[in-house]
Amino acid sequence: MLIHLRGSVDDEGHEQMEIEMARTTVHKVKLYNVATDEVVISRRMATNEGAIKMGGWTVEGTGVVVDLTDLEPGEEWTARDFDPAGYEGTQD
């Protein structure tokens, strides 16, 4: 992310500052479905803490580092059907 502090791009005094976004690791999450008596993979990805809040557990080897802005506001998980494609790879 680039933030323009002052001036136009053509000015010699033009300044830019790159801000590193806060990041976290999210994983695929297994959840137990009481209605079907089966373990399913959630449509959301979550941090370790988020998986616990969801009543599930993370799947080893599925960790992806994402920006905090990819999480639902105030939560520890992503939106449904989050696609981590384009991120630099896995954390695990």
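User: In this predicted model, over how many bridges do β3 and strand β5 pair, and in which sense?

Analyst: Strand β5 covers residues 57–58. β3 pairs with β5 over 2 bridges, and the sense of the pairing is antiparallel.

User: Which residue stands opposite Lys30 in β5?

Analyst: The pairing of β3 with β5 is antiparallel. Within β5, the residue opposite Lys30 is Trp57.

User: How many bridges join β3 to strand β6?

Analyst: Strand β6 spans residues 64–67 and runs antiparallel to β3. In β6, Asp67 is the residue opposite Arg23. The number of bridges that join β3 to β6 is 4.

User: Over how many bridges do β3 and strand β4 pair?

Analyst: Strand β4 holds residues 38–46. Lys28 has Met45 of β4 as its bridge partner. The two strands are antiparallel, and the bridges between β3 and β4 number 6.

User: Which residue in the hairpin of β3 and β4 takes a positive phi?

Analyst: There are 4 residues between the strands of this hairpin. A positive phi near 55 degrees is found there at Asp37.

User: Is His27 buried or exposed?

Analyst: His27 lies in strand β3, which covers residues 23–33. The cut-off for buried is under 20% relative accessible area. His27 has 7% relative accessibility, so this residue counts as buried.

User: What does the side chain of His27 reach at 3.4 Å?

Analyst: His27 belongs to strand β3. At 3.4 Å, its side chain reaches a backbone atom, the nitrogen of Gly63.

User: In what order do the elements of the protein run from the N terminus on?

Analyst: The protein has 6 strands and 1 helix. Read from the N terminus, the order is β-β-β-β-α-β-β.

User: What share of the residues of the protein count as buried?

Analyst: The protein exposes about 6600 Å², of which carbon and sulfur atoms supply 48%. The protein has 92 residues, and the share that count as buried is 26%.

User: Among contacts between residues at least 6 apart in sequence, what share join residues at least 24 apart?

Analyst: The contacts in question are those in the protein between residues at least 6 apart in sequence. Of these, the share that join residues at least 24 apart is 50%.

Methods: Residues are numbered from 1 along each chain as its sequence is written. This is a predicted model: local features need pLDDT of at least 70, side-chain atom pairs count only at pLDDT 80 or more; totals for chains, interfaces and linings use all residues. Side-chain values use heavy atoms; hydrogens and water are left out. Buried means under 20% relative accessible area, exposed over 50%, partly exposed in between (1.4 Å probe, protein chains only). A polar contact is a pair of N or O atoms within 3.5 Å; within protein, one must be able to donate a hydrogen and the other to accept it, and residues adjacent in sequence count only if both atoms are side-chain atoms. Contact means heavy atoms within 4.5 Å. Accessible areas come from the Shrake-Rupley method with a 1.4 Å probe; for residues, only the protein chains shown count as cover. Two strands pair if DSSP finds at least two bridges between them.
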